[in-house]
2 protein chains.
Amino acid sequence: MTDAVKLSDFVLKELRSAILNGELEEGSLHSIYQLADRFEVSRTPVREAVLRLADTGMVTIEKNRGIRVQGQSADEIRRVFEMRLLLEVPASSHAALHLSDQLVEKLDGYLALMSEAIVRNDSDAFFRSDYALHDRILATLENSRLNEYVRSLRDITQNMGVLTTQHSRTLRAVGLEHEPVVNAIKAGDAPAAAAAMADHLVETGSLLLAQLGGGGPASSGWASNALRQLPLPTQR
Amino acid sequence: MTDAVKLSDFVLKELRSAILNGELEEGSLHSIYQLADRFEVSRTPVREAVLRLADTGMVTIEKNRGIRVQGQSADEIRRVFEMRLLLEVPASSHAALHLSDQLVEKLDGYLALMSEAIVRNDSDAFFRSDYALHDRILATLENSRLNEYVRSLRDITQNMGVLTTQHSRTLRAVGLEHEPVVNAIKAGDAPAAAAAMADHLVETGSLLLAQLGGGGPASSGWASNALRQLPLPTQR
DNA sequence: CGCGCATGAGTAGCATGTTACCTGTCGGGC
DNA sequence: GCCCGACAGGTAACATGCTACTCATGCGCG
C-alpha cells in the first residue's frame, strides 16, 4: 500500500507538488485542519510536513493565523542558484579530476536519456535524467550531506516555470548546455568543466527569473548579472 | 518568560546542547517518552525537535525502537567542513571585492573581541565573536539562505572538542588564523582572503578530527589531506 | 453616520490517547 | 542442554482533545 511509507513524508511530497504546481496559490493562507482534510490524514503528519517545509522556506507559519505559501520571489531564486553555483561548480571540477570509466559511462548514459526525452518532448523524463546527471557529478565528492542539500535546493525551484512552458525549444536549449559540461569532465579539463557548469546554472536561473518576472528582458539581464557577480570557484 | 518562544525550539536547542556536551552519549538509544520527561514537556514538541535533528543527521530514528544519537564520525566532520570550504571560501573572496568602511569596522571589532576573549581565556566569548566574524563575512553575499545553512553546519560541529580542551594555546592558535583573513579582505585581495579562509577551515577541521581520533597524528594528516583535496574556489 | 468594543469563529501549539509493530525474553518441546 | 515460538514491554507514528491567542465582523453607542 501507499501507507507503507510514513504519512508525514507522503504529505510533505504532496504539499511540495501542490505548491510547485500552483494548486496552492502563492501568498495564500491555509490551515493544518484544511490540509489534513485535503490529504485525508490527521493533523499530526500535516503539521510535521509543514514544519519541515518551513525549514526550507517554502512556507511560513503565522501563529494562530495559518500557513502562508511563500511564492518563488526573484530574490529567492537568486539565493538558490547562488548556492548551487557555489556547490556544483567545484563539484564539476572535482569530477573532471577524478575520472573513472564508470563515471564516463554513467554521464554519457544520462546525456543519451536526455536526448531521447527531448526528441519525445517528454519533459518528465528530461528532468529525471537532468536530475540524475547533476546528482552523479555531485556524487564524485562522496559527500552525502552535499548531495542531499543540493537536492533540496533543486526541489525548491523544481520545474516551476520550465515545466509549464514546455516548449521543446526550451527543453532542447537547456539540454544542450549539459554537453559541454560532460565533455569537459570527460576530457579531465577542470576549469572548462567549472565554466560550463557555471554557464548552465546561470542560464537556468535566468530562465526561471525571466519567466517569473513576466519575461521582461530587463529583469532577465539583471538576474544574469547578479548571478555572474559571484566569485566562481575554479580549480587552483 | 522563557515560554514566550515555542517549546519545540527550546527542546531542539537543549537536545543539541546535550548531544554536543556528551550528556547524551554517542550511539546511545533514547525514546521520545524519556526525553519528554527529561525536559518536562509533552511528547509532541520533543518529537518535532527530534525530527528536525534527524534532518540534520545528528540523530537517526529507528522505528519502534528509539532515537539513536549519531556521534560525530570523522566522515561527518569531513562532510561538514568540505561544505563550509565550498561556501565560506568564495564568501571571503566576495567580501574582499565588496569592501565598505562599515564592513572593515565590524571585522576589526570582532577581531578585537576575540583577542580580548583569548587574553581572558573566555572560550565562550571567543566562540561568539568567532561566530559573528564568519557570519559577517558570509553576509556580504546577502544570501540569507546561505547564512542560515552555514549556521546549521557550524551548529553540528559546534565547539565539541575545542570547547572541552580549552587550552589557551589552542584558543590563541585558532584566533590568530582569523587575522590573515581579515587583513586580506581589508586589502581587497580576494585570492589571499580565499586562501587564508581555506587554511583556517582546514586547520579547524583537522583539529576536530585529531581530537576525535584520540589525537593520532596519522588521522590528522589524513584529514588535512582529504580536506585539501577539494577544488578550492578562488576569484576568477 | 462613524467609531470602538465585545464576540465568536478559526488557528497554531501543546498534551494525551490509540495503534501497529519491533524485539528481547522466557518457557516448553526435543 | 538447545532451539523455537508465544508473549509482554516498549516504541514511533498517528489521531484527537484542549487551550490560548488572533482577528474579522457586527452591534451598540456617541
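How many nonpolar, polar and charged residues does the surface near DNA strand D have? In this predicted model, that surface has 7 nonpolar, 8 polar and 5 charged residues.

**The surface near the DNA**

DNA strand D is surrounded by 20 residues. The closest are Leu7(A), Ser42(A) and Thr44(A) from chain A, with Ser31(B) and Ile32(B) from chain B. Four elements each supply at least two residues of this surface: helix H1 (7-21) and helix H3 (43-56) of chain A, and helix H2 (32-39) and strand E3 (66-69) of chain B.

**A helix pair between the chains**

Two packed helices are described by the angle between their axes and the distance between the axes. Helix H7 of chain A, residues 144-157, packs with helix H4 of chain B, residues 74-97. The angle is about 55°, and the axes are 8 Å apart. H7(A) and H4(B) are therefore oblique to each other. On the H7(A) side, the contact is made by Ser144(A), Arg145(A) and Leu146(A). H4(B) contributes Arg79(B), Val80(B), Glu82(B) and Met83(B). By class, this contact of H7(A) with H4(B) has 3 nonpolar, 1 polar and 3 charged residues.

**Strands of chain A**

Strand E3 of chain A, residues 66-69, is joined to strand E1, residues 29-30, by 2 bridges, and the two run antiparallel. His30(A) has Ile67(A) as its bridge partner in E3(A). Strand E2 of chain A, residues 59-62, is also antiparallel to E3(A) and is joined to it by 4 bridges. Here Val59(A) stands opposite Val69(A). The hairpin of E2(A) and E3(A) has 3 residues between the strands, and Asn64(A) in this hairpin takes a positive phi near 60°.

**Strands of chain B**

In chain B, 3 strands form an open sheet with antiparallel pairing, in the order E1-E3-E2. Strand E1 (29-30) and strand E2 (59-62) are the edge strands, each pairing on one side only. Val59(B) in this chain has Val69(B) of E3(B) as its bridge partner. Helix H3 of chain B, residues 43-56, lies across E2 and E3 of chain B and runs at about 115° to E2(B).

| Strand pair | Bridges | Direction |
|---|---|---|
| E1(A) and E3(A) | 2 bridges | antiparallel |
| E2(A) and E3(A) | 4 bridges | antiparallel |
| E2(B) and E3(B) | 4 bridges | antiparallel |

Key:
Residues are numbered from 1 along each chain as its sequence is written. Chains are lettered from A and ligands numbered from 1 in the order in which they are written. This is a predicted model: local features need pLDDT of at least 70, side-chain atom pairs count only at pLDDT 80 or more; totals for chains, interfaces and linings use all residues. A residue is near a molecule or strand if its C-beta atom, placed from the backbone, lies within 6 Å of it. Ala, Val, Leu, Ile, Met, Phe, Trp, Tyr, Cys and Pro count as nonpolar, Asp, Glu, Lys and Arg as charged, and the others, Gly among them, as polar. Axes are lines fitted to C-alpha atoms, for helices over the stretch in contact, and angles run from 0 to 180 degrees between N-to-C directions. Angles under 35 degrees count as roughly parallel, over 145 as roughly antiparallel, 65 to 115 as roughly perpendicular and the rest as oblique. Two residues are in contact if their C-beta atoms, placed from the backbone, lie within 7 Å. Two strands pair if DSSP finds at least two bridges between them.
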